[in-house]
Amino acid sequence: MHGFYQGKFRHCWVFLITIKQMCFLKYDIYRLNKTTLTDKAIEDIVSKFRLEGKLITARTFGSGHINDTYRVITDTGNSYLLQKINHFVFKDVPGLMNNLVNVTRHLKGKLTAVPGADPEKQVLTLVETNDNGYYFEDAGGNYWRVFLFLNNTKSYDQVLTEKQAFEGGKAFGLFQALLADMDTGLIVDTIPNFHNIESRLANLAKAIAADSAHRLIKLSPEIEFINQRRDAMCQILAMGRAGLLPERIIHNDTKFNNVLLDEHDHAQCVIDLDTVMPGYVAYDFGDAVRTIINTAPEDEPELVLIKLNIPLFTGYVKGYLKQTAGFLTEAELNSLLNGAMLLPYMQGVRFLTDYLNGDIYFKIHSPWHNLQRAKAQFQLVKKLEEAQETLNNIILRTWQHEKDEAK
Ligand code: ADP
Ligand code: GN1
Ligand code: MG
């Protein structure tokens with residue numbers, strides 16, 4: 001051992017220690033950023049908004065990977081959701097907030113005409129700033145916004161029952177249905193090429209070429225896995241370009257914790273509207289399936305625990321097609337399974353790219369978190385590939401059932 005430290009490998013050893021320290025330092029800096037906001041700072045920020053009552057508590061909330069979220073409670077018993085918008089990810093915050101105002105206005109307008117609907121509970125409500133805007137920019141250049149907190153709601157990182165999956169399907173299906181007639185001119189692209197797999201693969205290629213965090217070593221199995229599936233994964237994009245799939249306004253981040261269920265597990269409200277942009281319905285279907293069908297979390301380190309929960313998939317498909325069978329084209333229907341393959345693949349590509357870039361995009365909880373996430377997503381793709389026929393039959397059977405019901 002002495003020889004190893006002192007001998008010809010000495011420089012190598014020092015180098016490895018330095019790399020390791022840098023990884024942990026970066027992780028520590030990340031944790032510091034998350035926890036250093038004082039109550040006084042929060043009080044200053046919320047004082048810019050028209051809140052009812054005086055702030056009593058503010059606590060970090062939720063498990064999102066992008067924005068910083070706090071639940072704020074005031075002495076009148078009112079509850080709010082304060083968010084710092086990640087402007088490294090969302091470069092055009094005024095455009096993004098304008099989208100949110102237009103989308104929530106459209107959704108509320110449509111629900112007002114639906115008997116029994118409750119637009120205030122089913123759609124997010126932004127709280128105005130004192131100068132009648134919807135966001136506040138602090139001295140440090142950070143952007144903040146506040147929503148009314150929807151009480152007695154739950155969001156699940158993992159789906160537990162078929163009923164929850166069904167309700168989630170209904171919520172995201174209804175969301176697409178209500179936005180079907182919205183003027184796309186009212187929406188700006190908050191992240192250009194967000195679900196463009198060609199562009200995601202090009203970003204990965206750049207990250208591999210640069211290898212800025214010196215992490216490329218040992219990644220050949222993952223890179224080979226990606227390369228083997230390139231053509232198949234670009235199919236939706238090709239069909240869209242050929243005019244075979246219509247572009248609609250979709251959510252673009254339909255992981256299951258972006259739908260709030262009420263205390264009886266009924267669908268209540270679709271949240272996290274930052275990525276609402278034109279796209280193909282298969283993207284929303286695929287991203288929801290990605291988080292519902294997996295028996296393990298998105299970042300599961302034990303790959304053997306990643307299996308498919310078919311009843312949850314069936315529940316989601318039933319809820320989703322109940323709301324959408326009336327307007328989806330046959331080509332869209334046939335693209336759904338492809339979307340279910342594509343989204344975990346694309347997510348794996350995005351996690352791997354971020355790992356190679358040194359974790360600059362997604363929040364991480366360990367220096368290898370993004371790699372672990374990527375491996376887990378690719379394992380899910382493998383499982384989905386094995387079950388393609390079963391999954392397709394479920395989609396087609398459910399579609400037929402909805403068509404028969406409508407007759
Ligand atoms: P992120 O973009 O970081 O995922 P979200 O907007 O999804 O942020 O919010 C994070 C979490 O906060 C959600 O998963 C949900 O649990 C909760 N949440 C968001 N909006 C509301 C709301 N209006 N009322 C109650 N809970 C909410
Ligand atoms: C991010 O914000 P959040 O945690 O809901 C990401 C999604 C990914 C997801 C993976 C703007 O979603 O695209 O699918 O993490 N959002 C953005 O968990 O990149
Ligand atoms: Mg979210």
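Which pocket is the space taken by ligand 1? The space taken by ligand 1 is the largest pocket, and ligand 2 sits in the largest pocket too. Please keep in mind as you look around that this is a predicted model. Here is a friendly tour of the two ligands and the residues around them.

**Ligand 1: neighbours and contacts**
- Ligand 1 has 18 residues around it, and the nearest of them are Q83, L150, S155, N258 and D272.
- The backbone takes part through L150, where an N or O atom lies 2.8 Å from a nitrogen atom of ligand 1.
- From a side chain, N258 places a polar atom 3.0 Å from an oxygen atom of ligand 1.
- On its own, ligand 1 would expose 550 Å², of which the protein buries 94%.

**Ligand 1: make-up of the shell**
- Sorted by class, the shell around ligand 1 holds nine nonpolar residues, eight polar ones and one charged residue.
- Domain 1 (39-148) and domain 2 (162-406) each contribute at least three residues to the shell around ligand 1.

**Ligand 2: neighbours and contacts**
- Around ligand 2 there are 19 residues, with H65, K255, E298, Q347 and Y361 coming nearest.
- Q347 has a polar side-chain atom 2.6 Å from an oxygen atom of ligand 2.
- E298 likewise brings a polar side-chain atom to 2.7 Å from an oxygen atom of ligand 2.
- For D272, an N or O atom in the side chain is 2.9 Å from an oxygen atom of ligand 2.
- Ligand 2 taken alone exposes 440 Å², and the protein buries 98% of that area.

**Ligand 2: make-up of the shell**
- The shell around ligand 2 comprises seven nonpolar, five polar and seven charged residues.
- Helices α10 (281-292) and α12 (330-356) each give at least two residues to the shell around ligand 2.
- Of the contributors, α12 gives the most, with three residues in the shell around ligand 2.
- Why does ligand 2 lie between domain 1 (39-148) and domain 2 (162-406)? Ligand 2 lies between the two domains because both of them give residues to its shell.

Methods:
Residues numbered from 1 in each chain as written. Chains lettered and ligands numbered in written order. Predicted model: local features only at pLDDT ≥ 70, side-chain atom pairs only at ≥ 80, totals over all residues. Heavy atoms only, no water. Near = heavy atom within 4 Å. Polar contact = N/O pair within 3.5 Å; in protein donor to acceptor, adjacent residues only side chain to side chain. Areas by Shrake-Rupley, 256 points an atom, 1.4 Å probe, with all protein chains shown as cover. 1 Å grid on protein atoms, 1.4 Å probe; cavity = no way out; pocket = protein on both sides within 12 Å on 5 of 7 lines; lining within 4 Å. Sits in = over half its atoms within 2 Å of the grid points. Helix = DSSP H or I, 4+ residues; strand = E, 2+ residues; numbered from the N terminus. Nonpolar A, V, L, I, M, F, W, Y, C, P; charged D, E, K, R; others polar. Domains from an automatic or database assignment.
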